[in-house]
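Subject: Structure for you to look at

Hi,

Here is the structure I promised. Please open it next to this email and follow along.

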Amino acid sequence: MNSVQGLLAASVISIQNSCFVYPACQNCFSRLVLHSRRFDCLKCGCTGEAKDASYRYRLSLKIADTNDLFDVTVFGSCLDPFFGVTAENLQRYIQDFNQLSGETNTESTARALVQAVETCFIGKRFIFGV
């Protein structure tokens, strides 16, 4: 699924999800189910300690070219340059910030991140490989 069939120049109309980083299986990239101390991959059966889970970007966008609207999802390290860090490091920064600030309501941190992502992407034009 990594082969590009074509290129599409389009503008981002909206961000479709508020969770840009997810715990990902290192074998199949599926979302992991995190328990208090363990993780499980429901797709390939991989398990491990929750503290060892790796993270990956997943950004769902509504985009428009001159004629049509499209829903696209951008995965993985191609988003590193836009966020300035790997998904692993962003997740670590968020956790450290919440812990150091004593933030018990992580909603405010999530809202701030959503606003930052909207500011960086909405209204901007990108070339998407589809």
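What covers the buried residues of helix 2? The cover includes strand 2 (21-24), strand 6 (54-64), helix 1 (80-83) and helix 3 (107-121).

Some ground rules come before the rest. This is a predicted model, where local features need pLDDT of at least 70, side-chain atom pairs count only at pLDDT 80 or more, and totals for chains, interfaces and linings use all residues. Residues are numbered from 1 along each chain as its sequence is written, and side-chain values use heavy atoms, with hydrogens and water left out.

**The whole chain**

The protein chain has three helices and eight strands. Helices (H or I, at least four residues) and strands (E, at least two) are DSSP runs, numbered from the N terminus. Read from the N terminus, the order is β-β-β-β-β-β-β-α-α-α-β. The C-alpha trace spans about 50 × 35 × 20 Å along its principal axes.

Of the 130 residues, 34% count as buried. Buried means under 20% relative accessible area, exposed means over 50%, and partly exposed is in between (1.4 Å probe, protein chains only). Now take contacts, meaning heavy atoms within 4.5 Å. Among those between residues at least 6 apart in sequence, 58% join residues at least 24 apart.

The chain carries 12 positive and 12 negative side chains. Lys and Arg count as positive, Asp and Glu as negative; His and the chain ends are not counted. The centres of the two sets lie 2 Å apart, with each charge placed at NZ of Lys, CZ of Arg, CG of Asp or CD of Glu.

**Helix 2**

Helix 2 covers residues 87-101, which makes 15 residues. From first C-alpha to last, helix 2 reaches 21 Å, close to the 21 Å expected at 1.5 Å a residue. The expected span is 1.5 Å times one less than the number of residues.

Which residues of helix 2 are buried? They are Ala87, Leu90, Gln91 and Asn98. Seen down the axis, they fall within an arc of 100 degrees, so they line one face of helix 2. The arc is that of the directions from the helix axis to the C-beta atoms. The face turned away from the buried side carries the exposed residues Gln99 and Leu100.

Look at Gln91 in helix 2. Gln91 counts as buried because its relative accessibility is 16%. Beyond its neighbours within four places in sequence, Gln91 is in contact with Val21 and Tyr55. Gly102 follows helix 2, with a positive phi near 70 degrees.

**Helix 3**

Helix 3 also has 15 residues, which should span 21 Å at 1.5 Å a residue; its end C-alpha atoms are 21 Å apart, which agrees. Its buried residues are Thr109, Val114, Val117 and Phe121. These cover an arc of only 135 degrees around the axis, so they sit on the same side of helix 3. On the other side, Gln115 and Thr119 are exposed.

The cover over the buried residues of helix 3 includes strand 1 (7-15), strand 6, helix 1, helix 2 and strand 8. Just after helix 3, Gly123 has a positive phi of about 85 degrees.

**The end of the chain**

Val130 lies in the segment after strand 8 (125-129). Is Val130 buried, exposed or partly exposed? Val130 counts as partly exposed, because its relative accessibility is 47%. Val130 and Ala110 are 20 residues apart in sequence and 29 Å apart in space, C-alpha to C-alpha.

Best wishes
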